[in-house]
Amino acid sequence: MTVVDETQKPLLSIENASIEYKRGDRTVIKAVNNVSIDLYPGEIIGIVGESGCGKSTLAKGILGLAELSSGSIEFDGIVVSKLGRRRRDRRLLPVQMIFQDSAAALNPRRTIGAQIAEVVSARVKHRGETGVNEINEVANLLRRVGLPPAAAMKYSHEFSGGQRQRIALARALASKPKVLVADEPISALDASAQAYAAKLLVEVCRDENIALVFISHDLAVVRAIAERVVVMYLGRVFEQGPTREVWKDPKHPYSKALIGAIPVPDGSGKRPETLVGEVPDPANAPSGCVFHLRCKERFEGCDTQVPKLIPLGGTRAAACRLLEEPVEADRIVA
Amino acid sequence: MSIENATPPTTTSIPAAAERRRMKISATLHVVKRILRMPLFAVGLSIVGVWLIVIIFAGQIAPFSPNAQLGIALSPPSWEHLFGTDALGRDVFSRVVHGSRISLVYSVILVTAAMLIGTVIGMISGFFGGRLDEILMRLVDLFFAFPVIILAMAVAAALGASVQNAVLAGIIVSWPIYARTVRGLVVGYRDAEFVVSSRLAGMGSGRSILVDLLPSIAGPTLVLATQDVGAAILLLASLSFLGVGAQPPMPEWGAMISEGVTYFSSWWIAVFPGLAIVTVALAFNLLGDGLRDMFDPKMKRSIQRKTK
Amino acid sequence: MSLLSIENLSIALPVDGRILPIVEGVSLQVSRGEVLGIAGESGSGKTMSAMAVMGLLPKDAIVTGSIRFEGKELIGMGEREFRSIRGNDIAMVFQDPLSSLHPMLTVEKQLTDHLRKHKRMSRHDARVRAEELLRLVQLPNPAKLLRVYPHQLSGGQRQRVAIAIALACEPSLLIADEPTTALDVTVQAGIIELLLDLTRKIDIGVMIVTHDLGVLSSIADRLAVFYAGGIVETAGAAAVFRHPTHPYTEALLAAVPHRDDDGDIDLKPMRGTPPAAGEWAEGCRFNPRCDYVERQCYVIDPVLLEATPGHQVACHVRGASS
C-alpha cells in the first residue's frame, strides 16, 4: 500500500467545492455541498454513498463536466474549468474518467482500435512526443488490459460488458493519466466479472502510479481496493479516513448503518441492519444535520445545528455532533 | 495479485495498414450483402435502378419526342402509344420517360440541398447551443408556422414560375425539418459518454463533430432524406399543378397530372405520371427502411480472422 | 407435498433460425413458508426458469419437463387458465418497480382494481383491504399513500407497493426477480427484512432470483446455483455458503468482497466470462473456467448428485465420489 506522505503536495485538491444544478421544476439542488478532498499521487481513494449523495456530480466536477458554484478544484496547480465547446486545456489531459456504462462510453460506429489510437495521437501531439508507433502502442494497451491486440479491429458491441470496461480503461491509459476517476466502473458487471475489473483497475493504477478516485455505492468493494474512503450523504462528506479504520470503527452513525446494511454471504442467515426512512429529496433537505431523521443516535439539537467535519487524527474526520465534545446530555432515543 | 490467467492472451497482433483497409472493405461488403438480402430493400433498389436507367437513356427509350404533336389527340393506350396520347396529341409514355429527368432529378437535388443546409444549421445549433441555438430554432419555428405548400407557393410566385424556382422554394420550405431533426440528434449525442470521453482525451470540436457526431446522426438523417424524396416529387408536382412550377410544355409529372385532370374521361393522361410518382415514392421509402438497418451499428461486425 | 415442484425442466428458444437451449434439466421444489434462493449470473437461465413458472415465456419457446403447482401441471396449460393462476396464486415482483407499476394511476387504483377483478370485492371492501396491505408491507400512513402516483414515491416505497400488489390476492407463491438490485443498500436491507417477515407471517413460498449472494445469504433457506442453464449446486443456504462445493460456487463466493472483520481482503477474480446460450462447453459447462478440471470434465456433463445429505453438486471432481 502506498503510504500517503503528508508533506507531499496533493495532485488533485478539491477545496470547499459546491455544485448546484437546476431541476426540471426550476428548484436549485445543491448536489455537492462544500466538499474538500486532497488526492496524492498514486493514491487510491474510494468515494461511497447511496444514490443522490452527489458522488457522480463530484466526479463530473473533477473532470470539468459540471461547473462549481463555489470553491475550487485544482489539478497540479491548474484550476479545473468547465469544459465548454473549446478543446480541453491540455494541462488537464492527465485527468481521465471511466464511466459506469461501458457500452455508452465507446463509439459504436468505430473500431475500438481507432478510438484508442485517436487518444494516443492526441497525446503525442499535445506533448510533442517523438518516435511513437501508434499501432504498437494500441496493441500494448490492449494487452495491458488482458485483451488480444486483434481486438482493435472489432466494434464495441462485439465485447462483453467486462471486456468493454477494460477497453475503456485502455483508452483512458492511452493519454497517460495521472488521475483516473472511475464512476461506478464495475456495478453494471456480472459478479464474476466485477472482481476482475476492479482488480485490473487497481493493478494498473499501482503499476503506472496513477491516482484513482473509485466511486461506488458498494462499501464492501471499496474496502477491498481503496486505501482511503470518503463517505458522502446528500452532497456532504460525512466521514473520511483510511478504509480499514473506517470499516473497523466507523465514527459516523451513517457509516455504521451503511456498513451494517451490507448483507454478508457467509450463510449465517444474519439479516442486514435496516436504516429507517430513505435518502431525502436534496431540494428539501432536513434542517440541522441532514441525516438526523434517520439517525439512531440523534440527540438534542441535531435538528437545528449543522455538524462540522471534525478531524480525528491523521486523515480521519467525521461530521457528527457526537464527536464534538463529550456529550453527557440526555439523548433522545429514536 | 495475479490476474494473468484471466484471459488467455492470443498471439495475434494488429494487422498492417493494407490488411486493415482490406478488412474494413470486406466488413462493409458484409453489411451490404446482409442488406441486399432483405427483400423489400432489394425491391426499392431495383425500382430506383430502373428509373436511373430511364433517366440516362430517356432519349433511346422514348419512341417520340416529349413535345412532338403526333396528330391523334386523346387516343387511349395502344401498341403504338403505350400510355395513350394527350389533348395535344403528345405521346404520354414518352413524356413520362422524359419527365423522369425533371421530376426525379430535381426532387433529389431539392432533398440533397435541404438536407445539407439543414444539417449544417442543426449541427451548429445543437453543438454550440446558447443564444445562437435560440435564434436558429426560432427561425425554424417561423418556417413551421406556415403550411408548406402555401409558403412554397408564395416563394415560387415571388421568384417567378419555373422549375428551378420551384426547387428553390422546395429547399426553403424543407431545410427546417432537417435542421430540427439534426439539432435534436446532436443535443442527444453531444453529452453522450463516448463523445464526452473523446473530448476529455483532448479532441477538438471539429474532430468531435466529424468523428463522433456526424456518423451518429448520418443514419437517421439519410433515412429521413430518402423517405423525403417521394414528398419532394409530390411537392414539385403540386407546385406545377398550381401553375407556379414547371411550365408547359415541360413534361413534368405534376404538370402532366394537372393537365390530365381536365380530361377526366381520358384517364391515361393523369394516371401514368401518377403511377410514376407512386413507384418512385414507394421505392425511396423502402430504401429508407433498409438504410435504417444498415446504419444500425450492430450490423457492423469486424471480419475476424479465425483464431483458435 | 411441495407447493411448487419443477421436474426436469428444459427451455429452448429459436433465435436466428437456430434452436438455442436456455435451460436444461432443471429440477427444484418450493414449499410453503420457505424461501428458495436462485443464484446465477446473466444468461444462466435463472430468470427464464422463473418466467416459465409464471407462464410468461415467449410464445415460440420450446418447453419440456414438468412444473406442478399445488398438484396442477402448468406446462401446456391454456393461457386463459393460466391467467387465473397468475396474479392470484402465483405473484411476481420485479427488479424495477417503476416498470411494473402504472405511472398514470394512483396506488389505490392499482391495488383495488386488482382486488376487485380477482376477488370480486366491493369498492369499499377493496379500499379497506388496500390499506391493510400497505400496512402489511410496513408503509407508514396508508390512507395518504393510496392517493399518490408511483413517481411520487421513493424507490423503496415503490418496491413495497409492488409487493403489496403482488400479495393482494393472497398468493401461495411469490416469485421475486432481483427485487433489491435497483435499491440502495440501506433500503435493500428493509426489503429483505420485509420479505422474510411476510414469508413467516402469511406462510407463502418465495422464490427469489438474484445475482447478489449477500442478499441470498440473509434471506434464503435453500439455494440453487445456476450456471449455463442448469443447477450446479443446491443445498440449504448455510451449507452452500459455509461449504461451497462446486468450483463455480466457490469461485463466485471468492469473487465478492466479504464483510469479514480484519485483515486485507483480496478479491479473487474468476477467469473467463459466463457463456452465452448456444456457446456452452462440451462436457461440464464450467470446464473452461474451472481450476479443478480433469479429463472427464471435457467429455461427460456431470449430473446433480448428493455429496452430503441434502447437498447436491454436479461435479466430477468435487461432487459425490463416483
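Helices here are DSSP runs of H or I with at least four residues, strands are E runs of at least two, and both are numbered from the N terminus. With that, read chain B along its sequence: α-α-α-α-α-α-α-α-α-α-α. That is 11 helices and 0 strands.

A word on the source. This is a predicted model: local features need pLDDT of at least 70, side-chain atom pairs need 80 or more, and totals for chains, interfaces and linings use all residues. Residues are numbered from 1 along each chain as written, with chains lettered from A and ligands numbered from 1 in written order.

Now the overall form. The radius of gyration of chain B, taken over C-alpha atoms, is 25 Å, well over the 19 Å that the globule rule gives for 308 residues, so chain B is more spread out than a compact globule. The rule is 2.2 Å times the number of residues to the power 0.38. Along the principal axes, the C-alpha atoms fill a box of roughly 95 × 50 × 25 Å.

Next, one helix pair. H7 of chain B covers residues 163–190, and H9 of chain B covers 205–241. They pack at about 155°, axes 10 Å apart. Axes are lines fitted to C-alpha atoms over the stretch in contact, and angles run from 0 to 180 degrees between N-to-C directions. H7(B) and H9(B) are therefore roughly antiparallel, the term for angles over 145 degrees.

Who meets whom? On H7(B), the residues include Ala166(B), Gly170(B) and Tyr189(B); on H9(B), they include Leu213(B), Pro220(B) and Leu239(B). Contact means C-beta atoms, placed from the backbone, within 7 Å.

Key:
Parallel < 35°, antiparallel > 145°, perpendicular 65-115°, else oblique. Contact = placed C-beta atoms within 7 Å.
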